[in-house]
Amino acid sequence: MIWHLIAAVFAGLAAAGIGLILRTLSGKRLPKWIVPVFGGLGMLGYQVQVEYSWFEHKQTQLPDTATVISSDTTTAVWRPWTFAIPMTTKFSVIDSENIRISEQDGARLAEFILYQFERHYTDILITQPYLLNCENRELVPLEKETRDPILEQIRTLRDTSPLLLNVCAS
């Protein structure tokens with residue numbers, strides 16, 4: 001976090017320097033306020049670039065066996081540019097190396113962990129183990145410690161669900 005603050009300050013200083021050079025080259029015909037405006041735009045531009053590249057940056061940090069299952073975009077009033085181009089702030093990943101396939105009563109079961117990354121002022125990682133019945137598409141979360149199924153939260157996935165297709169293809 002501190003490195004982003006330092007980088008934003010230097011981006012602002014560099015942009016203010018460009019504004020100062022433009023003012024000097026124009027023979028001081030450009031107004032004095034052009035320098036701080038360029039500085040502010042430089043910091044804002046840096047922040048927008050960091051926010052929009054977060055998803056791609058996180059993807060490069062994942063292992064080769066990880067597959068992005070879904071991603072969510074959001075808009076915010078204090079970021080008006082997100083209404084034109086929504087920003088990815090959350091995505092879910094499975095790691096095909098950690099999927100355990102078993103057979104029970106003729107049904108193919110897959111146990112795996114779903115990783116959910118969320119972008120806030122610090123990145124958040126939420127892990128949740130699941131059990132998926134590949135035949136009837138039922139997905140049930142498991143207790144993290146005991147691995148007991150939480151039957152109240154059972155749900156059925158669609159035939160075209162990326163989660164179902166990726167987990168059961170293993």
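This is a predicted model: local features need pLDDT of at least 70, side-chain atom pairs count only at pLDDT 80 or more; totals for chains, interfaces and linings use all residues.
**View 1. A nonpolar patch on the surface includes Ile2.** Ile2 itself counts as exposed because its relative accessibility is 52%, over the 50% cut-off.

**View 2. Helix 2 has a kink centred on Trp54.** This helix runs through residues 34-61, and its 28 residues reach 39 Å from first C-alpha to last, close to the expected 40 Å. The kink is about 50 degrees. Trp54 is among the buried residues of helix 2, as are Tyr46, Val50 and Phe55. The buried residues of this helix pack against helix 1, strand 1, strand 2 and strand 4.

**View 3. Glu51 and Arg79 form a salt bridge.** Their closest N and O atoms are 3.1 Å apart. Glu51 belongs to helix 2 and Arg79 to the loop between strand 1 and strand 2, so the pair ties together parts 28 residues apart in sequence. Glu51 is buried, at 6% relative accessible area, while Arg79 is partly exposed, at 21%.

**View 4. Glu111 forms a salt bridge with Arg100 and another with Arg147.** The N to O distance is 2.9 Å for Arg100 and 3.9 Å for Arg147. Arg147 lies in the loop between strand 6 and strand 7 and Glu111 in strand 4, so this pair ties together parts 36 residues apart in sequence. Through shared partners, salt bridges join Arg100, Glu111 and Arg147 into one network.

Key
Residues are numbered from 1 along each chain as its sequence is written. Side-chain values use heavy atoms; hydrogens and water are left out. Helices (H or I, at least four residues) and strands (E, at least two) are DSSP runs, numbered from the N terminus. The expected span of a helix is 1.5 Å times one less than its number of residues. The bend at a residue is the angle between axes fitted to the seven residues ending there and the seven starting there. Buried means under 20% relative accessible area, exposed over 50%, partly exposed in between (1.4 Å probe, protein chains only). Contact means heavy atoms within 4.5 Å. Patches are made of residues with over 30% relative accessible area and no salt bridge: like charges are joined within 9 Å, nonpolar side chains (Val, Leu, Ile, Met, Phe, Trp, Tyr) within 5 Å. Accessible areas come from the Shrake-Rupley method with a 1.4 Å probe; for residues, only the protein chains shown count as cover. A salt bridge is a side-chain nitrogen of Lys or Arg within 4 Å of a carboxyl oxygen of Asp or Glu.
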